[in-house]
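Please open the model in your viewer and keep the selection tool at hand.

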Amino acid sequence: QNPKTKKYPIHLAAESLDVENLQELLGASRIEVDAKYEDKTALFILFSKLSAKNRDKTIECIKLLLQSGANINATNEEDIPPIRFLVDLGIQTAANEDERRSIEADLIFLLNTYRVNVDFRKGTVREKLKAHFPTIAIPEHKHDVSLEDLKSQLNTSKIDESRFLEMYQTYLQLASTDGTTFEKNHTELMYKAVEEGSLKIVQRLLENTSQNFWKQQTGEKLLAMCCNRGHVELLIILLERTERIEAPLLSLVVKQLKNCKHETDTEKRNRLTGCLDVLLKSSKINIEQRDEQRHTALYYAAKFQENEATLKLLDSGAYVGDIKDMPLQWLDAELLRCHLDDCITSNGKDDDDEEFEVKIDLKNFSLPPSVHETDYTRTLQQMADMPHISKLLLHPVPASLLMKKWHKLQPLLIFNLGVVSILFILAYMLLRQPESERSVVLYGITGILWFYIAGREIVQLHLYGLRLYFSSFSNIVDLGFIFACGFAPFYKKIAVLAIVLLAVQAMLLFRPFEWFSTQLVMFVKIAKDVFWSLLLFGFLFLAFAFSFSTFFGDSEYSNDGVPSEKNDEHERKFQRFEQDSLAIVKTIVMFSGEFDAGHIPFHVTPWSYFFCGLFFFCCVLVLPNLVNAIAVSDSWKISSESELIHAKQKLIAIDEYQKITRKWQRVKMRILGHRKYEDLQKRILSVSFKPNATNTEKAYSKFAITSLLMDDEDSPKFRTSSHAIDERIVREALKILRKFIKRECSIESRLSRIEQNLNHILSRLEDPVKQ
């Protein structure tokens, strides 16, 4: 078979209509006469090429193939028999008497010499022969049941299952083909039966399938066909037989659901939903299986706004993160919130019982075994960056994950904060003391801490790479401090820069702490807005500065009429706007409130009073109030989102440390040659706590994390650890539980459950198969 065209040599020879070429090929060994290309045999191709011009050559080639054992009843995928083309040619040439007699002779020869089946497609060929060739007596042959006969039965609009099963039994008894050909024919029948959704026929065909049939991709193709057409019962049966499934079946079902939006598609939509349920319950299906575009089923369900499918996938533990495109960007915020609420459960005891335990399921944020390129902090970071769901970062489910990472980071953060604080004090002491009085001990401690920061940055630079390293502002500050300290002994003023950079680094280290994060964000936000506002009105400052320089720059007398002394030349230039640069500075100083009107020579021109008054109104009264209004507005917005800002600042700090931890894990994995992910690749399954426990120092003080280490997929290890928990998480979790209990007890909820049960019973009664 040609790997590109998929044609066999027998097809090429038939298309050439060269008798000698075809005869030479048929004389060779290992030639399969009935090999199919696009479900057409070489004999079928010859019949389809029949025309009045090439009839003689074509008939000669047809007879040659028939003498070599070609099957004259081998139909194509549309169940059209080859003989039909010769009949149609006779009908078309009815006006030519000689041509018609020649075709009639060919038909008589073929019908009497070979067992031609004229009953395909409900006997279409037989009817045409009777209508247009009434003189031809159609011989009644006792046909053996062939593959084409069985396929013809499956191609009818309404399959007669009993008739097919009877013919199939005869086919099995008469089958004399080798194992490979039989399996190939059997596969064609299976495809047809699954496509038509005939349960009885598929079950009968399955009785004669070999183990090799399921080891190939045939099983996956049949499952995909079931998912595309919504054959639930067939899907259940075929799932049991198929050993290995790598096809993205869940994505296929979700894509089909997208195409069933119309009311007329309700029946198919219900069947597809049934297929989705079957796949999600099967242990053979990987819920994170990706298609050719590297997307998961949850991604498509969220993107296509298939809320029911989305909830089913989330309830089954679909991972909301992704390497390429996260499903979070498409998820409806209210739908996600409802699902996260359902992830919070209790052990059923009263909420005032000492043994009352709350469990938070984290399955949607736990890393699948196949994901090794990221961790759940990236998912939380994506949530923080998406405005429509960023507030859900405060929900107890993602907040528990954030709290777990924060407990691991906090000691390291406090240690680095201590290093920076000590360095700040030591740098100040060394800078203020005379060189002769500086202690060697202070130099030694400062040097040790400096080498610690320098070594830390070198390691980060090696693990990150240049692009990732310089993308962090904190790293740039650290690098600036290292170089400033290095040159400080030679240039004393550079030590001042080192102290300033240490102060900035200390502010960045304080950023994740709740009592400082909001103020820092507020400071940065107000600074940005005020800067851009002043930059916008900078033209106004320049205009006034140049106006004052023009009016007062040439004045030779002070306000008391006494010429200025040379010792006060610089002050005079500043006060009299004599240079453009000094005029700009003086105008900015006047904006801050130091108007110093006594030094302004208003007597030079009457216009000076107007311009000074205008400046006072615009730049001293209006602009400061505008800046204050911007600051108050920003402060109010940030204060209203203080909890969310605190969570985001924690995430930023965690992400910076996670980058180097992630890189180190990969280096360790390459060195040790194993895939043990102690922290990053640990699958966190749940968080639980007992809010009423009295055996701890403080209520809500501890919570347990159950995690799964993927050291060995066959024998997973579970680990439980305890950490302090935020009271806000406990408070919100209890609030959700109480709301859920209240909702469950409502009359509307009971009626809804009764309606769901009735709909389920009706659907089972309407299904004749399940009856």
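With which residue does Lys7 form a salt bridge? Select Lys7 and Glu15: the closest N and O atoms of this salt bridge are 3.1 Å apart, a salt bridge being a side-chain nitrogen of Lys or Arg within 4 Å of a carboxyl oxygen of Asp or Glu. Lys7 is buried at 18% relative accessibility, whereas Glu15 is partly exposed at 29%. Here buried means under 20% relative accessible area, exposed over 50%, and partly exposed in between (1.4 Å probe, protein chains only).

This is a predicted model, in which local features need pLDDT of at least 70 and side-chain atom pairs count only at pLDDT 80 or more, while totals for chains, interfaces and linings use all residues. Residues are numbered from 1 along each chain as its sequence is written, and side-chain values use heavy atoms, with hydrogens and water left out.

Next, display the whole protein chain. It contains 33 helices and 5 strands, which are DSSP runs (helices H or I, at least four residues; strands E, at least two) numbered from the N terminus. Of its 771 residues, 45% are buried.

Now select helix H4 (residues 55-67) and helix H6 (residues 97-113). Their axes come within 12 Å and cross at roughly 5°; the axes are lines fitted to C-alpha atoms, for helices over the stretch in contact, with angles from 0 to 180 degrees between N-to-C directions. H4 is therefore roughly parallel to H6, a term for angles under 35 degrees.

Move to Arg269 and Glu306, whose salt bridge has its closest N and O atoms 2.3 Å apart. Arg269 lies in helix H16 (residues 266-281) and Glu306 in the loop between helix H17 (297-303) and helix H18 (307-315), so the pair ties together parts that are 37 residues apart in sequence. Glu306 is buried, with a relative accessible area of 2%, while Arg269 is partly exposed at 21%.

For contrast, select Arg337 and Asp341, which form a salt bridge of 2.8 Å, N to O. Both residues lie in helix H19 (residues 333-342), 4 residues apart, about one turn of the helix.

Finally, select Ile761 in helix H33 (residues 747-766). Ile761 is partly exposed, at 47% relative accessibility.

Terms used: Angles under 35 degrees count as roughly parallel, over 145 as roughly antiparallel, 65 to 115 as roughly perpendicular and the rest as oblique.
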